[in-house]
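I am opening a notebook page on a structure that is new to me. The entries below record what I looked up, in the order I went through it.

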Amino acid sequence: MRDYDEVTAFLGEWGPFQRLIFFLLSASIIPNGFNGMSAVFLVGTPEHRCRVPDSANLSSAWRNHSIPLRLQDGREVPHNCRRYRLATLANFSALGLVPGRDVNLTQLEQESCLDGWEFSQDVYLSTIVTEWNLVCEDDWKTPLTTSLFFVGVLFGSFVSGQLSDRFGRKCILFTTMAVQTGFSFLQIFSTSWEMFTVLFLIVGMGQISNYVVAFILGTEILGKSVRIIFSTLGVCTFFAVGYMLLPLFAYFIRDWRMLLLALTVPGVLCVPLWWFIPESPRWLISQGRFKEAEDIIKKAAEMNSITTPEMIFDPVELQELKPLKQQKVFILDLFSTRNIAIITIMSLLLWMLTSVGYFALSLNTPNLHGDAYLNCFLSALIEIPAYITAWLLLRTLPRRYIIAGVLFMGGGVLLLIQVVPADYYVLSIGLAMLGKYGITSAFSMLYVFTAELYPTLVRNMAVGITSMASRVGSIVAPYFVYLGAYNRILPYIVMGSLTVLIGIITLFFPESFGTTLPETFEQMQKVKGFRSRKKTSESMETEENSKVQITAF
């Protein structure tokens, strides 16, 4: 019996139909880019200090000295969450005393910001932080907001594949687009932080589901030679394009509600794609809907100006097309032997810590010196050469060495930031972007590396479990950024150290480059440091068909 690629080989690989599908599905990923990173500006925390009301009856001198100073990064700055007791200052002001000369300010009693805060509007006109005063005692809500978005991403990862398997790729693709766009629109009308956060979690579910289903649909419609390019330079690059559009929107629209409204517009523009993107013929065949699959293939042939064979599916093949019985596997099979368990544990750590580095660096751009919008744009722009580099390296070089190499580079330059003088902020930004480049390159290689390590029986499960670990990493990443409130370079020290550590661990993985994909647990390579089993001549053969698609979620 012929497989689907053989049946549709007459369509060619890169005709007008394939080009249309490639660019439309890639374009549908653009809203994912700015929705995935929108928290950078929606949850931004501007400079702030305690409000001193006009009714305090303070002289200009005492009003200017009403906020105590604190030491931050080696210099004194006004305190964000404390002020001197206003009743005491009013008495001193009434007596005509001069602050600093007649009164020792360090001995004055302090109080919290009882009248709220004054927020700087130099960077943002408003964010959810200024809307609901998410500072000082409530500053823990800021990283939690972003973490709950990624909790939604985790939930969406669970259900997206199952829903698309049951209801079809096209239907779920546009349903999740509607969820992402619709609930982003509803966030505009949030009346509380709790309401905003719940809606943000649902947006996260739609965001990742849209991404995953678009990827599945593209790989099922496009031919073998185009799939790898689609899953790297297509999906990932267009995600980066959406990411680059985010700071452009945010620069001109600095109110968080209006920014959300603007970010929903591209999602609405994707509605006409319904009439151009077909259902996956592979899925239709799996559901026994052969006539619909044939109609799509015939339309593709017509678009490509190719004559359709009189019979696309042989009746005998249709009768033989039954689901293959497969041995049941369980998650514990990934820990069934010492070797497999070590590979699985190392894979979980590799995915989680790489994800922490990627998302923490992306979310930390407003805390860099200089313009927050330019820094965010550069953080997105650096991803494009990172994806291209990963694609080129994976074609020719051993996996564990190139992944470890870019992790060492990324982690090493992050550790160097601590020795850069504070005045050399351009150098610090350059090192941060170089670190983002290395970690993004590594992140985009993990799918192919993991898929090559595990046998066919548990390959999908292994990739699913390890990619879930990356979701856990994204959930904790905002708290690495939160460390910057205590020390500017602390996040880079922690991220750099963990990245170098996981780079060292990567060297202990078995090498999968140039080997046949394992079919059984016995054919899996051994962890470095274990006694190597004798390799058969069969295991040393290389197969062109064993190449695995590359993608980065």
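**Entry 1: ground rules.** I note that this is a predicted model, in which local features need pLDDT of at least 70 and side-chain atom pairs count only at pLDDT 80 or more, while totals for chains, interfaces and linings use all residues. Residues are numbered from 1 along each chain as its sequence is written, and side-chain values use heavy atoms, with hydrogens and water left out.

**Entry 2: the whole chain.** I looked up the secondary structure and found 22 helices and 6 strands. Helices (H or I, at least four residues) and strands (E, at least two) are DSSP runs, numbered from the N terminus. Of the 553 residues, 52% count as buried. Buried means under 20% relative accessible area, exposed over 50%, and partly exposed in between, with a 1.4 Å probe and protein chains only. The accessible surface of the chain is about 25,600 Å², and carbon and sulfur atoms account for 62% of it. Such areas come from the Shrake-Rupley method with a 1.4 Å probe; for residues, only the protein chains shown count as cover.

I then checked contacts, meaning heavy atoms within 4.5 Å. Among contacts between residues at least 6 apart in sequence, 80% join residues at least 24 apart.

**Entry 3: cores.** Which residues have the most contacts inside the largest nonpolar core? I list F41, I128, L173, F196, Y358, I403 and Y492, in a core of 128 residues. A nonpolar core is a set of buried Ala, Val, Leu, Ile, Met, Phe, Trp, Tyr and Cys residues joined through side-chain atoms within 4.5 Å. A second, separate core has 11 residues, including W62, Y84, L89 and L105. I followed up I403: leaving out residues up to four places away in sequence, I403 touches A442, M445, L446, F449 and T506.

**Entry 4: disulfides.** I found 2 disulfides in the structure. A disulfide is a covalent bond between the sulfur atoms of two cysteines; the cut-off here is a pair of cysteine sulfur atoms within 2.5 Å.

In one of them, C50 and C113 have their sulfur atoms 1.8 Å apart. The link of C50 and C113 is left-handed, with -60° about the S-S bond. C50 lies in strand β1 (residues 48-50) and C113 in the loop between β5 (110-112) and β6 (117-119), so the pair ties together parts 63 residues apart in sequence. Both C50 and C113 are buried.

The other disulfide joins C81 and C136, with 2.0 Å between the sulfur atoms. C81 sits in the loop between β3 (75-78) and β4 (82-84), and C136 in the loop between α7 (128-132) and α8, 55 residues apart. The link of C81 and C136 is also left-handed, at -95° about the S-S bond. C81 is buried, as is C136. Counting bonded cysteines along the chain, the pattern is 1-3, 2-4.

**Entry 5: the loop between α7 and α8.** I went back to this loop for its backbone angles. C136 has a phi near 55°, a positive value in a residue other than glycine. C136 counts as buried because its relative accessibility is 12%. N133 is found in the loop between α7 and α8, and N133 has a positive phi of about 55° although it is not a glycine. N133 is partly exposed, with a relative accessible area of 30%.

**Entry 6: a surface patch.** Which residues form a nonpolar patch on the surface? I noted F155, F158, V159, L163 and F167, with about 420 Å² of accessible area together. Patches are made of residues with over 30% relative accessible area and no salt bridge, like charges being joined within 9 Å and nonpolar side chains (Val, Leu, Ile, Met, Phe, Trp, Tyr) within 5 Å. A salt bridge is a side-chain nitrogen of Lys or Arg within 4 Å of a carboxyl oxygen of Asp or Glu. L163 is found in helix α8 (residues 141-167), and its relative accessible area of 35% makes L163 partly exposed.

**Entry 7: two buried residues.** Is T365 buried or exposed? T365 is buried, because its relative accessibility is 1%. T365 lies in the loop between α16 (338-363) and α17 (372-381). Leaving aside neighbours within four places in sequence, T365 is in contact with V40, N375, C376 and S379. Of these, I checked C376, which counts as buried at 0% relative accessibility.

I also looked up R471, which lies in helix α21 (residues 459-482). R471 counts as buried at 6% relative accessibility.
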